[in-house]
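Student: I am new to this structure and would like a careful, close look at one part of it, with enough of the surroundings to see where that part sits.

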Amino acid sequence: MTDRTQSAAFGVAATEPGARVLSGMQPTGDSLHLGSYMGALLNWVRTQEQFDAYFFIPDLHAITVPQDPAQLRQAVRRTAAQYIAGGIDPERSTLFVQSHVPEHVQLAWVLMCQTGMGEASRMTQFKDKSAKGGADSAGVGLLTYPILQAADILLYQPHGVPVGEDQKQHIELTRDLAQRFNHRFGETFRIPEPIIPEVGARILDLQEPAAKMSKSASSPNGLINLTDTDKQIAKKIKSAVTDDGTEIRFDREAKPGVSNLLTIYSVLTGKTVGDIVAEYQGKMYGHLKVDLAEIAVQHLGPVRDRTSELLDDPAELDALLAKGAAKARDVATVTLTEAYQKVGFLPGT
């Protein structure tokens, strides 16, 4: 995303000194993948250059589905390492783990008491996941997940929240809850704006380009993990599904496979899709794949290697996260104290 399109996405937030943004990605699976890296992390890196940025690892959200405790701890560290390896600077941004800031859960309870059952049960993720296993098998945490997410956001009074299209409904709930609380108890929360990047927001499966790249991919070849070797990265791109015909052009409907490769190429190089299409005029899909494979290896290899270095020193990584949590609590405590006072709780000692 260029600076111009990013500023446009922020709207009023981009004009306010010290504008704050907040976002996070769950520590699920054994690695972040190319879709989360390009759709979120790269945009976060640009965000921290201009704004007061807060990025967190939502481990509380992760346990809405069963987790192996040891694997969860490992996944949280790996996600934090990949944030940093991907360009998040803990000195410039506030980087922390959600469970290290207890104010998230404390504010979530207050917001749950302002949320209707119907409102919570209409959230798309709850409907989708509970439909797969049946409503009786879904935990209460899955139902209240979006309310905890609202607390995650409102604690830090952000101007904007970088999210994908699939999270837009949750931001709408956050805004509704903030407005409802403010109306009932007095101005307390800033009403945040969703920030959906114009480029790279939706990276598709390399084998099924009609579907978003996801850990639930039907084929491992459709998914590039940030832990993949150079050989694995190159092989997956070179074997990516393309489309009928031979013309290299961007058309999400008629040419989803090629369009996905062009999007990846654009985000990794900073070139416009139009310039890339012009560069490959008269060339075959194979030429595009070979070049993109080399670009991806050159870009992702250093991220993988830096992640490994960070994980080799877990004590230092944990110290960075503890420092970030302390900074986050400085802000979160102020917001929670005000919300508690507004709803009528006695002040603590």
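At the start of α4, which backbone nitrogen does a side-chain oxygen of D68 reach, and to within what distance?

Tutor: The side-chain oxygen of D68 comes to within 3.1 Å of the backbone nitrogen of A70 at the start of α4. Before going further, please keep in mind that this is a predicted model, in which local features need a pLDDT of at least 70 and side-chain atom pairs count only at pLDDT 80 or more, while totals for chains, interfaces and linings use all residues. Residues are numbered from 1 along each chain as its sequence is written, and side-chain values use heavy atoms, with hydrogens and water left out.

The pLDDT, which is the predictor's confidence in each residue on a scale from 0 to 100, averages 88 over the protein chain, and 88% of the residues score at least 70. Confidence is highest in strand β3 (residues 94–97), at a mean of 98, and lowest in helix α1 (residues 3–10), at 37. Over residues 1–15 the pLDDT is below 50, and this stretch has 22 contacts in the model beyond near neighbours in sequence, where contact means heavy atoms within 4.5 Å. The chain as a whole comes to 14 helices and 5 strands, which are DSSP runs numbered from the N terminus (H or I of at least four residues for helices, E of at least two for strands).

Returning to α4, this helix has 17 residues and reaches 24 Å from its first C-alpha to its last, close to the 24 Å expected at 1.5 Å a residue; the expected span is 1.5 Å times one less than the number of residues. Its buried residues are L72, A75, V76, R78, T79, A80, A81, Q82, Y83, I84 and A85. Here buried means under 20% relative accessible area, exposed means over 50%, and partly exposed lies in between, all with a 1.4 Å probe and protein chains only. By this count, 49% of the 349 residues of the protein chain are buried. Just after α4, G87 takes a positive phi of about 125°.

A nonpolar core is a set of buried Ala, Val, Leu, Ile, Met, Phe, Trp, Tyr and Cys residues joined through side-chain atoms within 4.5 Å. This core has 60 residues, and Y83, one of the buried residues of α4, is among those with the most contacts inside it, along with L34, Y37, M38, W44, I264 and L288. The greatest contribution comes from α13, with 10 residues. Y37 touches L42, G86, L226, L268, H299, L300 and V303, leaving out residues up to four places away in sequence. A second, separate core of 34 residues includes L22, V110, A178 and V331.

The loop between α4 (69–85) and β3 holds E91, which is exposed, with a relative accessible area of 56%. Leaving aside neighbours within four places in sequence, E91 is in contact with K323 and K327, and its side chain makes a polar contact with the side chain of K323 (3.3 Å). A polar contact is a pair of N or O atoms within 3.5 Å; within protein, one must be able to donate a hydrogen and the other to accept it, and residues adjacent in sequence count only if both atoms are side-chain atoms. E91 and G324 are 233 residues apart in sequence, yet their C-alpha atoms are 8.9 Å apart in space.

G324 is one of the buried residues of α14, as are L317, L321, A325, A328, V331, A332, T335, L336 and A339. Helix α14 (residues 314–343) has 30 residues and reaches 41 Å between its end C-alpha atoms, close to the 44 Å expected at 1.5 Å a residue. It bends by about 30° at R329, the bend being the angle between axes fitted to the seven residues ending there and the seven starting there. Just after α14, G344 takes a positive phi of about 105°.
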